[in-house]
Amino acid sequence: MPSAEQQAVITSRNPVVIVIGGAGSGKTTTAAAAAGRRLTEIDHGRAEARAATRPGALAGLPPRKRVLFVSFSRTAVSQILDRSAEVLGPLRDRVDVVTFHGLAWRILNDFGRFYGHPYPVRVQSRAESEVSARFPGVSYDELVPAASALLAVPTVRDYYRRRYGTVICDEFQDTSNAEWAFIQTISPDAQRILLGDPNQCIYAGMKNIDPQARIAEASALAGAAMIELPPQSYRDPSGALPAAALAALERRFGDPTIAYAVSTARIILHLAPAANLAEAVSHVVVAEQAAGNTVSVFTHTHAATAELSTVLSEVGIDHEQVGFTEAFGDGLQAQFSLLRWALDGNASPRQALAVYVHSIAHGRTKKRFADAVVRKTIPAFEAELKRVALDLQVAAKVPPDIDELLVILAGAHQRLGFPRGEDTWLRSNRQLRRVARVLERGGSLEDLTSEVEELRVGTLVGSRAGRPKPVQVMNLHQTKGREADVTVLLLQPDEFHGYEAEPYPTGSRLLYVCLTRAREGAHIVVPDAINNLHGLWLPFIDACIVAQQT
């Protein structure tokens, strides 16, 4: 049964409805219920118009509009689909759930060809733009501005005005100026439902945004109404984790809510030697999997995520690395380039291999390794690449053995000595294997090229959001919009979190978001020498240790 505040959102006729609520307060479910009501009203209006039409006359029915739900995260898109399915029922098929960049790409792909953009629209990965000019396309950062420009064209604008009667924006306080302008230009007459929580604005520094200023800007829109949901968590009905998270956000480390969350095992602290932190995480994950729980693991950086992923793979934990979408797309492209070279002997795959190396490397080795692949200056790599090429040529002899070719490609990552990212490479290989079936059905190599590019771009912009695995590993800034039965926060010595000082107004939101992703429990794995922890985390960890000892 919805609360009075939720019911107000569901039934509101205001052109702009601003919904403010804490983590787990039911914003997404409430928005889904509002979407269902709007769609039902549209159907009733059409039925009444049809009933009022004289027999034999042409019925002037109102358009059968849809609902647009825009989010930032690809995984959040998948979870929104799951959460809204029960609320929307058969109306679910009339709700388009997309990321900002997925929607921008769709607009460019559908209409760009008529206004100077090549078709199909190719999205250039960041690694491609940094390694070589040989890969054309629109960069990720250019997608939203380019789509906004198209929406200024009357024909395009009118199409989306007819298509969408309601536009829902998740975490709107995190929108950049370009994203905020973009969301206003999509079907401008449609009702806007803006979901937000300023406490979860963890991109303020990266995007140069002020969440309170964005909320004020939304409140100033014509006819805007703000509705605040009660501080109740549907994610953790005990309320222990949200209360402790709020205390941590406000740097109230002596607050009894933190001690209570520790004493009730909602927060579980694990101390381990710095050299064994990844092993400690793996023990937690194994135990929680055995209990039938889904697990999300949070680390500080992409590099830490990749290193932890390697340890989890070594102990046989099937998992997904979140936030490596570009590496997935670049890995798919590298393997397809090798496959195509083996089958037709034309374009060299070397540039694509260099792009992949660039996307998985980090630090000072990033550009040096990619350059070495292009310039052929690593003897061991060159020797093994020749052996891989020979194996591919043998398997490609008429009639080509596609299965064997894909097996060779799967093993190429280890054979070529790439420094990290094998899990991402193997996921790319599995997807390449799936689309390569077009050849078995009599399709051409050009057909496969189109399939691969659609998969690569769709994954890059978030228009494809596969069902997440029960264990996910991600960096801290990938945590938004996600939830799991249990979470594991890995804190390491000497992390860098920018130049903020106490009270860490932006950094503290990271702690809040991490603690509020869990439905049942939040594990925190830290080095036993806790004094090497960053000041953002240290007072909270101290409070947890004190709670454990009392």
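Modeller: One term before we start: buried means under 20% relative accessible area, exposed means over 50%, and partly exposed is in between, using a 1.4 Å probe and protein chains only. This is a predicted model, where local features need pLDDT of at least 70, side-chain atom pairs count only at pLDDT 80 or more, and totals for chains, interfaces and linings use all residues. Residues are numbered from 1 along each chain as its sequence is written, and side-chain values use heavy atoms, with hydrogens and water left out.

Biologist: Thanks! Is Tyr159 buried, partly exposed or exposed?
Modeller: Tyr159 counts as partly exposed, because its relative accessibility is 28%. Tyr159 lies in helix H7, residues 154-163. Helices here are DSSP runs of H or I with at least four residues, strands are runs of E with at least two, and both are numbered from the N terminus.

Biologist: How far is Tyr159 from Ser187?
Modeller: Their C-alpha atoms are separated by 8.3 Å, and the two residues are 28 apart along the chain.

Biologist: Let's switch to sheets. What is the strand order in the one with E1?
Modeller: That open sheet has 6 strands in the order E3-E2-E6-E7-E1-E8, with parallel pairing. Two strands pair if DSSP finds at least two bridges between them.

Biologist: Which strands stand at its edges?
Modeller: Strand E3 (95-99) and strand E8 (224-228) do; each has a single partner strand, so one side of each is left without a neighbour in the sheet. Neighbouring strands are turned by 15° against each other on average, direction ignored. Axes are lines fitted to C-alpha atoms, for helices over the stretch in contact, and angles run from 0 to 180 degrees between N-to-C directions.

Biologist: And how many bridges join E1 and E7?
Modeller: Strand E1 (residues 16-20) and strand E7 (residues 191-196) pair in the parallel sense over 5 bridges. One of the residues to look for is Val16, whose bridge partner in E7 is Arg192.

Biologist: What about the sheet with E9, what order does that have?
Modeller: It is an open sheet of 6 strands with parallel pairing, in the order E9-E14-E13-E10-E12-E11. E9 and strand E11 (320-321) are at the edges with a single partner strand each, so one side of each has no neighbour in the sheet. Strand E10 (residues 295-299) and strand E13 (residues 484-490) pair in the parallel sense over 4 bridges. There, Phe298 stands opposite Leu489 in E13.

Biologist: Which helix packs on that sheet?
Modeller: H23 does, touching E9, E10, E13 and E14, and its direction makes about 130° with that of E14. Contact means heavy atoms within 4.5 Å.

Biologist: How many residues of H11 are buried?
Modeller: Helix H11 (residues 240-249) is mostly covered, with 8 of its 10 residues buried. Among them are Ala240, Leu241 and Pro242. The buried residues of H11 pack against helix H12 (256-263), strand E9 (267-272), helix H23 (507-515), strand E14 (518-527) and helix H24 (538-549). Just after H11, Arg251 takes a positive phi of about 60°.

Biologist: Now helix pairs. At what angle do H4 and H6 pack?
Modeller: Helix H4 (residues 100-111) and helix H6 (residues 143-151) pack at about 50°, with their axes 8 Å apart. That makes H4 oblique to H6. Angles under 35 degrees count as roughly parallel, over 145 as roughly antiparallel, 65 to 115 as roughly perpendicular, and the rest as oblique.

Biologist: What residues make that contact?
Modeller: Phe100, Trp105 and Phe111 are among them on H4, and Leu143, Val144 and Leu150 are among them on H6. By class, the contact has 12 nonpolar, 1 polar and no charged residues. Ala, Val, Leu, Ile, Met, Phe, Trp, Tyr, Cys and Pro count as nonpolar, Asp, Glu, Lys and Arg as charged, and the others, Gly among them, as polar.

Biologist: And how do H15 and H20 cross?
Modeller: The axes of helix H15 (residues 325-344) and helix H20 (residues 422-435) come within 8 Å and cross at roughly 55°. Their contact includes Phe328 and Leu332 of H15, and Trp425 and Leu432 of H20. That contact has 8 nonpolar, 6 polar and 1 charged residues.

Biologist: Last one: is Val435 buried or exposed?
Modeller: Val435 is buried, with a relative accessible area of 5%, and its place is in helix H20. Not counting residues up to four places away in sequence, Val435 touches Leu448, Glu451, Val452 and Leu455.
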